[in-house]
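Here is a short report on one protein model.

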Amino acid sequence: TVNAGCIVERNNIHDVYQQNSGGYHALGIYITGSATNSGISIRNNFIRDMVSSLYTTSITTTGDTYGIYFSAGATNVNIDHNTIRLTINPTVGSTPNHINACVAASVSGVTIASFRNNILVNTLNSTNAYGLYCSATTNISGGTVDNNDYYVPTGKVGYYNAAARTTLGDWQTATSKDGNSI
């Protein structure tokens with residue numbers, strides 16, 4: 001789990017199908033392990049067509065769809081110039097309003113230094129669909145978050161400070177970030 005300074009760049013990650021009723025993630029990029037995971041850059045990637053099952057409503061339970069998913073405390077992460085599209089609805093499983101997110105920092109130890117110029121599209125049929133999910137305010141509070149494009153018509157722009165933020169205005173007020181985003 002030692003990935004300090006790792007760069008994930010210019011990838012076309014697509015067609016990850018993990019439709020198993022036993023619950024397995026469908027992930028584009030998965031960051032796990034908190035030992036020496038500082039300064040990771042995830043940039044200029046196109047992530048699309050991740051499909052898991054209708055398995056859970058909990059961000060920390062294995063079994064749903066994420067473009068980028070952090071399960072451990074990577075610090076000073078830069079996520080810039082990515083396009084993430086979650087548009088294919090799962091057909092396996094029975095949990096209505098399953099959780100899913102274009103980007104999910106599922107633990108408090110993740111700190112994002114830069115989250116800029118990303119296009120996040122999540123059209124999955126769920127009220128628990130998110131653009132950016134932050135399990136703790138410290139995930140983005142010290143970082144630069146701006147110039148992003150959020151499109152989440154049936155869900156929420158983000159999750160921050162223990163609450164879902166449905167609109168961009170609500171997200172901007174809660175986070176004091178994304179002043180130039182749409």
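The sections below go from the basis of the model to its details.

## Basis

This is a predicted model: local features need pLDDT of at least 70, side-chain atom pairs count only at pLDDT 80 or more, and totals for chains, interfaces and linings use all residues. Residues are numbered from 1 along each chain as its sequence is written, and side-chain values use heavy atoms, with hydrogens and water left out.

## Sheet and helix

Six strands form an open sheet with mixed pairing, in the order E3-E6-E9-E12-E15-E16. Strands (E, at least two residues) and helices (H or I, at least four) are DSSP runs, numbered from the N terminus. Two strands pair if DSSP finds at least two bridges between them. Strand E3 (26-31) and strand E16 (163-165) are the edges; each has a single partner strand, so one side of each lacks a neighbour in the sheet.

Strand E6 (residues 65-70) pairs with strand E9 (residues 100-105) in the parallel sense, over 5 bridges. Tyr 69 has Ala 104 in E9 as its bridge partner. Helix H1 (residues 168-175) packs on the sheet and touches E12, E15 and E16. Its direction makes about 20° with that of E15. Axes are lines fitted to C-alpha atoms, for helices over the stretch in contact; angles run from 0 to 180 degrees between N-to-C directions.

## Nonpolar cores

A nonpolar core is a set of buried Ala, Val, Leu, Ile, Met, Phe, Trp, Tyr and Cys residues joined through side-chain atoms within 4.5 Å. Buried means under 20% relative accessible area, exposed over 50%, partly exposed in between (1.4 Å probe, protein chains only). The largest core has 32 residues; Ile 42, Ile 68, Phe 70, Ile 79 and Phe 115 have the most contacts inside it. Apart from it lies another core, of 10 residues, among them Leu 27, Tyr 69, Tyr 133 and Tyr 159.

## Aromatic pairs

The whole structure holds 7 aromatic pairs. Rings of Phe, Tyr and Trp (its six-membered ring) pair if their centres lie within 6.5 Å; planes under 30 degrees apart count as stacked, over 60 as edge-to-face, the rest as tilted. Tyr 133 and Tyr 159 are stacked, because their ring centres are 4.4 Å apart and their planes at 5°. Tyr 133 lies in strand E12 (residues 129-134) and Tyr 159 in strand E15 (residues 156-160), 26 residues apart. Both are buried.

## Asp 80

Asp 80 sits in strand E7 (residues 77-80). Its relative accessibility is 8%, so Asp 80 counts as buried.

Definitions and conventions. Contact means heavy atoms within 4.5 Å.
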